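Trainee: Could you take me through one part of this model closely, from a single side chain to what lies around it?

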Amino acid sequence: NGCGKTTLLGLLPRLFDPADGVVEIDGQDLRTVRRPELRRQIGVVTQETVMFRGTIRENIAFGQEANDAAIRAAAALAHAAEYIDALPLGFDPPVADLGTSLSGGQRQRIAIARALLRAPSLLILDEATSQIDAESEEQINAAVAEFRAGRTLVVIAHRLSTVLAADRIVVMEAGRIVGVGTHQELLERCDVYQRLAKTQLMPG
């Protein structure tokens, strides 16, 4: 906690620009891209999900023009459709302010469906499955892995199980990057990652 993961990631949608250095996507300095254009290409799901007064359908489609089939497809990809269809009003029950009528896991699935509906070029998941059980997390990770074809997926997580399959893992400690590589590469050469792996993946 507090090592700078979320702060570092704030550079991608240009919540702020770096004082030194350059952030590039496909070789292009992000400061040359207008913020609205950049952010239209980015989907974000955070640990603290945001729900609005309205229906589940409206929350998934928030800010987008989408038909029923597209909304249902996004919900299915986020493994939310099954529990939504089981509700008395399906996709159309009222959602209280801030989503207080829903569980944390339900809110996160809806937020993931909302992000997937945008079909963004860059999808950022900031502790997005932290309130979801391990089995559901595995299902969502598998679905997102299929979704990411031709896209970039950036995942912030404390749980190593969430990032094991990443092409590149960035390890941070005290505001600094202390290791970059695959799971196996980091096991061999990054002390911080080795400690995390010993604690989380090899308990006892």
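**An aromatic pair and a helix contact**

Mentor: Let's start with phenylalanine 62, which counts as partly exposed because its relative accessibility is 44% (buried is under 20%, exposed over 50%, partly exposed in between, with a 1.4 Å probe and protein chains only). This is a predicted model, where local features need pLDDT of at least 70 and side-chain atom pairs 80 or more, while totals for chains, interfaces and linings use all residues. Residues are numbered from 1 along each chain as its sequence is written, and side-chain values use heavy atoms, without hydrogens and water.

Phenylalanine 52 is also partly exposed, at 27%. The count of aromatic pairs comes to one (ring centres within 6.5 Å; for Trp, the six-membered ring). The ring centres of phenylalanine 52 and phenylalanine 62 lie 4.0 Å apart with planes at 10°, so they are stacked (under 30 degrees; over 60 is edge-to-face, the rest tilted). Phenylalanine 52 sits in the loop between β3 (42–45) and β4 (54–55), and phenylalanine 62, ten residues apart from it, in the loop between α3 (56–60) and α4 (DSSP runs: helices H or I, at least four residues; strands E, at least two; numbered from the N terminus).

Now follow the chain into α4. The axes of α4 (residues 68–77) and α6 (residues 104–117) come within 8 Å and cross at roughly 125° (lines fitted to C-alpha atoms over the stretch in contact, N-to-C directions, 0 to 180 degrees). Ala70, Ile71, Ala74, Ala75 and Leu77 of α4 meet Ala113, Leu116 and Leu117 of α6 (heavy atoms within 4.5 Å).
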